[in-house]
Each structure stands twice: as C-alpha cells, then as structure tokens.
Amino acid sequence: MRMVRALSAALLTLGLAAAPAAADASPSPSQDGASAPTQAGTSFRTAAEIEQGQPATASGSTGDYLYWSFPADTGQRPTVKATVKLPESHASQTWQIDVYDGLRRRQACQYGPQTRTAAADVSSVELACVLRTVRAWSEPWANDPLPGTYYVRLTATGVATSDLGLPIGSEVRVDSRDIGGSAAVDGSLAEPLVPGVAPKPGQEREDAAVPAGLEPEDGWASGWWSDRWGWTAVGGILAALAGVGGYALTRGSGRPSRAPAA
C-alpha cells in the first residue's frame, strides 16, 4: 500500500513538472490582422518590424532589396518563408532570402529552398529558410544564433536588364518551433542582440530611424523554463522509488513469529 501511495505521488509530480514544459511548447497565437506591415524597408536601418506568426506584405520593383526584422528568443528555431509574385511577362529570375542576426552576421540555413530560379512562364516563387536553434550563450568567435533581432533580406540576383524595375509583390512570414531542453546550454547573454533600428511611422528617411521596439510576447529569455528541469525531477523521483523498492525486496519479512523476543 505504501508503494502504491508513493507511486501515485510520483505520477502527480510528473504531471506538475510536465505542465510548464507543455505550456512552453505550445505555439504562439497568430497575429494576423490589420496591423500587419504592408511595406518593407530598403536597408537594415529601415527594416519593417514584424512579429512571429504575423504575415507581412510589400510591393516593390525587381532589383530592389526588401528588409524585415523580427525577434527570436532562446530555444526557438525560426522558419522564414517568402512568396514573390512576379509580373506577367519576365525573363528567368533567381530570388533569394538571407537572414542576419542583430550583429548583421549572415546566418546559415539548415534546410529549405533559400534560392530559387523562376522560369519565364512562372508567376510566383516560394522560398524558405530554417535557421539553427537560437542559443542562450555562445563563444565570442562562434557564429551561433543568439537571442535578439533578426533581419530578413529578399532580393533577386542575376536579373536581366529588361526586367529591372518591373513591379513585384511579396509576402513574408516567420514562425518558430520551441526546441526545449535539448538545446539548453549553461550560460546566458547579459542583453539580447538588439542594435537594430526601425523607421518612424509614416517616414521614409533613414535618418528618421528610432531604436527597434520588437521583443517576444513574454519578454526576452521568457523561455527560462526548460524541460530538463522536469526530467531531472522525474529522474530523482524514479531513483528514490527504485531505492525504496530495492530495500523492500531485500529486507525480508522481518523477525519470524516463532523467534523468541530479545
């Protein structure tokens, strides 16, 4: 009976420990709505700010550089997707998306069609870039993704002269998967990498930029909870139960009833 009660208590503790991890793993709600940006920046300084889960659209011309920025926190693995709507008549075009961190270091894509060539009869092209998991801390010489502002740059490369200036439409969306304790490291940044700036509403000049105001919904390093905490607690409970069970099996049934009292 005591073993049953102990096992019940362990299962209850397991449920309580797993609940925060499940809450952290749940995707953030989509922020689709009228507030979604409809313009893109033309440089890092004027990059249009977008939240994760929020689609952003922009019109431009073939040959332009289009920029957006978004926040990414510890434990997230961002996926950047872009769709380019091409003019009815165009030559073969190659489109590419690049992602940079808050220090404007280009981040490699784990997988995804980062570069695609659209033939002359293609009306749109879709691109994607899955980044590495954002780490809480890294060596100064490393190029690991760190929490802070990230920039998305969309552009066409190797465009025919006849296509330069043709109108195009674009849509960009960033979503993240919460990797959890498997990506946890010992250490953290004092501050997120957010040297980025954004233009004031209604102003196009780069000298009218102000510090970027994007951050995760629950603040930076909101994912301090790691499922490692839960599994460590569960491991300790199971070890304790194993010890109790081993003692119960090896101690015997106690003093035989026929043995005289001491």
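# Close-up views of a predicted model

**View 1. Ring pairs link Phe44, Tyr67, Tyr100 and Tyr151 into a cluster.** This is a predicted model: local features need pLDDT of at least 70, side-chain atom pairs count only at pLDDT 80 or more, and totals for chains, interfaces and linings use all residues. Residues are numbered from 1 along each chain as its sequence is written, and side-chain values use heavy atoms, with hydrogens and water left out. Rings of Phe, Tyr and Trp (for Trp, the six-membered ring) pair if their centres lie within 6.5 Å; planes under 30 degrees apart count as stacked, over 60 as edge-to-face and the rest as tilted. The whole structure holds four aromatic pairs. One of them joins Phe44 and Tyr100 edge-to-face, at 5.2 Å centre to centre and 90° between the planes. This pair links distant parts of the chain. Phe44 is in the loop between helix H1 (2–25) and strand S1 (48–49), while Tyr100 is in strand S5 (residues 93–100), 56 residues apart. Helices (H or I, at least four residues) and strands (E, at least two) are DSSP runs, numbered from the N terminus. Both Phe44 and Tyr100 are buried. Buried means under 20% relative accessible area, exposed over 50%, and partly exposed in between (1.4 Å probe, protein chains only).

**View 2. Phe70 and Tyr150 form a stacked pair.** Their ring centres lie 5.8 Å apart and their planes meet at 25°, so the pair is stacked. Again, distant parts of the chain are linked. Phe70 is in strand S3 (residues 66–72) and Tyr150 in strand S10 (residues 148–157), 80 residues apart. Phe70 counts as buried because its relative accessibility is 0%. Tyr150 counts as buried too, at 1%.

**View 3. The largest nonpolar core has 29 residues.** A nonpolar core is a set of buried Ala, Val, Leu, Ile, Met, Phe, Trp, Tyr and Cys residues joined through side-chain atoms within 4.5 Å. Which residues have the most contacts inside this core? They are Trp68, Phe70, Val80, Trp95 and Leu154. The elements that give two or more residues to the core are S2, S3, strand S4 (76–85), S5, S9, S10 and strand S11 (167–178).

**View 4. Five strands form an open sheet.** Their order is S2-S11-S4-S9-S7, and the pairing is antiparallel. Two strands pair if DSSP finds at least two bridges between them. S2 and S7 are the edge strands, each pairing on one side only. Neighbouring strands of the sheet are turned by 35° against each other on average, direction ignored. Axes here are lines fitted to C-alpha atoms, for helices over the stretch in contact, and angles run from 0 to 180 degrees between N-to-C directions. S4 and S11 run antiparallel, joined by 10 bridges. Val80 has Val174 in S11 as its bridge partner. Val174 also lies 7.6 Å from Pro55, C-alpha to C-alpha, though the two are 119 residues apart in sequence. Pro55 sits in the loop between S1 and strand S2 (56–61). Pro55 is buried, with a relative accessible area of 17%.

**View 5. Cys109 and Cys129 form a disulfide.** Their sulfur atoms are 1.9 Å apart. A disulfide is a pair of cysteine sulfur atoms within 2.5 Å, and the count comes to one. The torsion about the S-S bond is about -100°, so the disulfide is left-handed. Cys109 lies in strand S7 (residues 109–111) and Cys129 in strand S9 (residues 124–131), so the pair ties together parts that are 20 residues apart in sequence. Cys129 is buried, at a relative accessible area of 0%.

**View 6. Asp144 forms salt bridges with Arg132 and with Arg135.** Side chains of opposite charge can pair when their charged atoms come close. A salt bridge is a side-chain nitrogen of Lys or Arg within 4 Å of a carboxyl oxygen of Asp or Glu. The whole structure has six salt bridges. The closest N and O atoms are 3.5 Å apart for Asp144 and Arg132, and 3.4 Å apart for Asp144 and Arg135. Asp144 is buried, with a relative accessible area of 18%. Arg132 is partly exposed, at 27%. Arg135 counts as partly exposed, at 27%.
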